[in-house]
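I opened this notebook to keep track of what I looked up. The entries follow the order in which I checked things.

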Amino acid sequence: MLPLALFLVVVKCLTAHEVVNGSVPQSADLSSVKKEATPVRYQDLREEAVQIREEAQQMRSEAYDTMSKVFQMKEEALKFREAAFEERMEVQSTIAETLSLLRGQATASTIYLQEIRSTVNAVSGRLNQVEEKVDSLGERLAALEGEMEVSVEKSNAVKELVKTNEDLIIKVQADVNTIGMITHHIKSRQELRMREVRLISLYKMTDQSTMHQGGGGGHGSDLAVDGQFVYSHWAPDTPVRTITHTLNTPNQKLWIDLGGLFRIHRVKIWNARHCGSGCRDRFVGTHVYAGERLLGVATSGEFIYDYKIAENDPTYARSVTLHQIRAVWLHVSEVQVWGTGPFSEDDKFA
């Protein structure tokens, strides 16, 4: 519609332009034209041409406006098209994400179903095992019922025997009670003896590093625990000879094996007296041990050495040792060890 209107406007403009400029068709006669071109006609044509020009300008302006609107509509259409394209892309992206999510959920569901299937199979297997065990237990219960019947029969027989031997059983129970009382009495006496501090070294096993051979010898370590400590003659041919005697070399020792684990309360040593103060001084430097514990060291020549252990400092030992570190004779008349016990390793009293 718009191109046709433009075409008509152009034709009118061309026609008016030809008339205004005095152009006529070539076939018209010059004389007739002059007759018709009166001033009035010329003025009308001029006004009509001006009007047509104004209409043409107005139509051109309208055409420009229409073209501007068309271009604006085209731009809006392009924008709508771009927006539609973007929305389409967003929809496609959303659909792709949804499909991916659904695919992941489907995969997870498949794995979960496989796990459920495996669990069901495992439970089914365990149920089969339980059924087998139940069957086995049923057989065992049947066997136990048979054994219980036999036991009931035996119990009845025992009851009959008990009734028959009731007097004998009463007598045995009385004997058991009597034996229990005797055992309790013996145990009490043993506990009392274990708590009693007594001489635990008398006639126990002994040994020493060396033995002096002077005067015919016979100065064994057993003389230290023979209970004779009043006299201290050393010669073997003397009836009252009671001392031990080693050689005069370093590191001489005398051991007393107590025969068990005892708590040591006191160690008392009678020094030899057969040669006056010279014999007493030979004991200086002797170390006295109860097991691995050092009880003391002789620092002066004495007739009697008495090593007491405090009540709040218990010492347990299986042996007592005298160790002379100097190069002199080690000789004593008697060694007395006082203590309680014997005890086991896990039965020590504080």
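Entry one. I looked up the side chains of His-331 and Arg-282 and found a polar contact of 3.0 Å joining them. A polar contact is a pair of N or O atoms within 3.5 Å; within protein, one must be able to donate a hydrogen and the other to accept it, and residues adjacent in sequence count only if both atoms are side-chain atoms. The C-alpha atoms of His-331 and Arg-282 are separated by 8.2 Å, and the two residues lie 49 residues apart along the chain.

Entry two. I noted that this is a predicted model, where local features need pLDDT of at least 70, side-chain atom pairs count only at pLDDT 80 or more, and totals for chains, interfaces and linings use all residues. Residues are numbered from 1 along each chain as its sequence is written, and side-chain values use heavy atoms, with hydrogens and water left out.

Is His-331 buried or exposed? I found His-331 buried, at a relative accessible area of 2% (buried means under 20%, exposed over 50%, partly exposed in between, with a 1.4 Å probe and protein chains only). Not counting residues up to four places away in sequence, His-331 touches several residues, including Thr-244, His-245 and Cys-279 (contact means heavy atoms within 4.5 Å).

Entry four. I placed His-331 in the loop between strand 7 and strand 8 (strands are DSSP runs of E, at least two residues, numbered from the N terminus). Strand 8 runs antiparallel to strand 3, joined by 9 bridges (two strands pair if DSSP finds at least two bridges between them). I found Val-332 in strand 8 as the bridge partner of Asn-271.

Conventions. Helices (H or I, at least four residues) and strands (E, at least two) are DSSP runs, numbered from the N terminus.
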